[in-house]
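Welcome, and thanks for taking a look at this one with us. Please keep the structure open beside the text as you read.

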Amino acid sequence: MRKLIVALLFLPLLGQAQKKAITLEDLYKKGTFRGEFVPADFGTRSSEISTDGLKDEAGKALGRASEVIVNAADTSLALIRIDAEPIYRHSSKAIVYLYHRGTGNVTKLENEKVLHPTFSPDGSKVAYVKDNNLYIYDIASARATAITTDGKWNFIINGNCDWVYEEEFSFTQAYQWSPKGNYLAYYRFDESQVKEYNMTIYNNGYNQDYRYKYPKAGDDNSKVEIHIYDVRTGRKVKADYAQGDIYIPRIKWTQDDSRLVIFWLNRHQDNLRLLLTEAASGKSSLLYEEKNKYYIDIHDDWYFLRDGKHFLFTSEKSGYNQIWLYSFDGKTQLQLSSGNYDVTEINAVDEINKRVYYQTAYPRPMDRNFFVADFSGKKSTALTTGTGWNRIVLNDKFTQFYDYRSDINTPQVVTLHSIIADKKGYRAQLIKTVNESSKLREKMAEYDLAKGEFIRIPNSKGDTLNSWILKPANFDPSRRYPVLFCNYGGPGSQQVANRFGAISFWHQLLAQKGFIVVSVDNSGTGYRGEEFKKKTYLQLGKLEIEDQIDAAKWFGNLPYVDKSRIGHWGWSFGGFMSSLAITKGADVFSAAIAVAPVTSWRFYDNIYTERYMRTPAENQKGYDDNAPMNFTNSIKGKYLIIHGTADDNVHFQNATQMITALVKSNVDFESAYYPNKNHGISGGPDNTSFHLWSKMTNWILENLGTEKK
């Protein structure tokens with residue numbers, strides 16, 4: 001009888017499946033935790049075009065399209081991009097076909113690959129860039145006209161960005177149709193005086209030398225002109241604005257077909273002017289000017305309203321990023337949002353009902369909620385509430401929205417809501433739940449996953465730093481655990497966010513192997529107001545690494561942390577931080593992995609670097625006092641530096657110069673380089689991603705832990 005009772009007691013345990021451990025194969029080969037794509041479908045997707053079975057003029061199948069661009073004016077026409085070829089991080093060229101949906105015919109625009117194909121607003125033409133020149137293709141006549149003819153690689157670019165504008169001002173298509181399509185405004189970059197950077201592309205022969213224009217801190221930029229082409233007459237005018245050492249980070253048409261706004265920015269990036277420019281003459285007048293004692297961030301939250309008299313934008317001039325409504329004559333200057341929190345995005349502007357929809361870092365910097373405000377500046381209402389991360393997609397009539405909501409431990413739930421505006425005010429009403437990430441949740445339930453927690457950590461200067469901590473699922477407070485810091489830390493960035501994915505499944509894997517993983521958003525990170533973000537001005541790395549060191553000391557004093565095993569890892573700016581952690585933070589950090597790190601800001605591009613540091617000639621101390629390569633003799637712990645040899649962004653040169661300094665200081669280190677890989681060091685069929693993350697995992701286990709993979 002006793003044996004039977006014991007057996008019965010064990011039956012429930014036998015019925016419970018043992019939780020699985022995450023493997024690197026799960027993450028980088030199988031896609032085990034890949035979420036599902038849930039489109040926002042407002043019943044307007046009938047215009048989408050399938051390219052299955054399409055053939056070219058010779059009867060050859062087109063194959064898989066990398067992009068389909070539907071003609072908004074005539075949905076029976078579309079542009080199909082085939083065989084897209086990446087150029088840099090945000091640009092690509094492709095073979096482009098014009099598809100006539102009614103007849104099934106396809107017409108190749110050019111025999112060569114082209115960039116940025118777009119329909120004109122009336123749908124009758126297509127603009128694109130080929131060989132650094134801008135073209136217009138007339139659909140009715142099937143003829144292309146060259147708008148420019150002087151384009152030349154590494155000399156002149158028309159209608160496309162140079163490298164540094166693409167990377168730092170975040171756009172690649174450097175032309176815009178006017179609202180009615182009567183004009184085409186475009187950039188002309190003269191990069192002939194910009195210095196070339198060269199990289200070796202390795203192959204089985206004598207290798208290939210790749211050269212492109214990359215202006216490092218303090219060096220010459222492209223000379224930029226804005227031209228306006230009259231589509232009807234073929235006449236071109238050059239926009240008239242103050243020349244010199246300046247940038248043109250944006251051009252935007254007003255709702256008036258004949259008026260273009262040119263964004264003029266000085267090299268220090270602390271003086272922004274909006275110039276209202278006449279399309280016919282190129283003459284301009286000052287519409288708006290903003291100055292800042294630090295710098296001005298460039299963004300796309302600028303809306304020129306249909307009344308032709310007002311524009312709406314976001315600015316940090318109140319101390320937080322808020323929404324403003326101005327009149328063209330400057331007499332109206334209203335702040336539409338308020339509070340000690342940052343607006344993170346304008347979702348839409350409803351001009352008919354005079355409302356603006358936007359998102360905020362509220363109620364905490366790590367959260368996102370959805371708001372609506374009217375144009376009076378007197379009424380602002382939250383349409384979503386509570387902690388968590390709400391990503392919003394509105395319909396065109398601003399009557400409904402999809403809410404993609406998650407938090408740090410919970411996959412997204414997609415819901416559809418209606419927006420109600422009446423005498424009681426604005427409110428959102430749930431229509432239905434669309435998707436609850438059920439497959440991902442079921443898969444996660446099979447694994448022994450830990451829960452992330454938010455904490456606030458004091459630094460030595462009186463601030464508190466937002467952080468998350470991931471402890472092993474079987475956490476035992478009587479043990480002492482190694483700690484790994486995950487850090488990016490760059491200006492305006494955020495890693496401590498209340499959204500699913502902020503803690504990666506790789507970090508979960510490390511927690512399963514006995515690590516506490518933490519992330520600390522240091523001084524200079526975003527969504528805590530202008531002063532917190534910009535306090536690192538002229539000294540990138542100084543306050544940031546001091547905060548990381550303070551946080552490591554704080555964790556080291558916890559009874560369950562082994563302060564002799566605290567590591568740091570990061571990528572790009574995060575790699576810069578990891579390199580500072582093992583040098584300037586040598587007394588608290590015992591190991592660091594730096595992936596694609598900046599090791600001196602003298603090696604990085606001028607738009608990004610000078611925004612925060614000014615030029616090396618103006619700020620030599622700021623550059624050199626925080627360059628990891630200048631402090632290699634301080635290293636006491638273990639250091640792994642990883643880089644792709646074809647990194648066009650943070651050059652492999654950063655790693656070679658760091659290693660030169662390590663050798664000079666007689667410091668032992670480990671390194672890994674990935675031939676012909678760019679800043680992302682990614683790869684699928686060639687096994688790069690799996691190899692990279694396997695190497696980092698095993699290195700962490702060997703140098704901070706005791707357990708092998």
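What follows is a short tour of some helices and strands. Please bear in mind that this is a predicted model.

**How α7 and α8 pack**

- Helix α7 spans residues 542–556 and helix α8 spans residues 573–583; their axes come within 10 Å and cross at roughly 60°.
- Angles from 65 to 115 degrees would count as roughly perpendicular, so with its crossing at roughly 60°, α7 is oblique to α8.
- The crossing of α7 past α8 is right-handed.
- On the α7 side, the contact is made by E544, I545 and Q548, which meet F573, M577, L580 and A581 of α8.
- Sorted by class, this contact of α7 with α8 holds five nonpolar residues, one polar residue and one charged residue.

- Strand β2 (residues 77–86) pairs with strand β3 (residues 92–100) in the antiparallel sense, and eight bridges link them.
- To find your place in this pairing, look for E85, which stands opposite K93 in β3.
- The hairpin of β3 and β4 has four residues between the strands, and G104 in the turn has a positive phi of about 80°.

- Strand β24 (residues 343–350) is mostly covered, with six of its eight residues buried.
- Its partner is strand β25 (residues 355–360): the two run antiparallel and are joined by six bridges.
- Within this pairing, V343 stands opposite T360 in β25.
- Four residues lie between β24 and β25 in their hairpin, and K354 in the turn has a positive phi of about 55°.

**The covered helix α9**

- How many of the eight residues of helix α9 (residues 606–613) are buried? The count is eight of eight, and the helix is described as mostly covered.
- The buried residues of α9 are N606, I607, Y608, T609, E610, R611, Y612 and M613.
- These buried residues pack against α3 (163–168), β16 (246–253), α8 and α10 (620–624).

Terms used. Residues are numbered from 1 along each chain as its sequence is written. This is a predicted model: local features need pLDDT of at least 70, side-chain atom pairs count only at pLDDT 80 or more; totals for chains, interfaces and linings use all residues. Side-chain values use heavy atoms; hydrogens and water are left out. Axes are lines fitted to C-alpha atoms, for helices over the stretch in contact, and angles run from 0 to 180 degrees between N-to-C directions. Angles under 35 degrees count as roughly parallel, over 145 as roughly antiparallel, 65 to 115 as roughly perpendicular and the rest as oblique. A crossing is left-handed if the near helix is turned anticlockwise from the far one by less than a right angle, and right-handed if clockwise. Contact means heavy atoms within 4.5 Å. Ala, Val, Leu, Ile, Met, Phe, Trp, Tyr, Cys and Pro count as nonpolar, Asp, Glu, Lys and Arg as charged, and the others, Gly among them, as polar. Buried means under 20% relative accessible area, exposed over 50%, partly exposed in between (1.4 Å probe, protein chains only). Two strands pair if DSSP finds at least two bridges between them.
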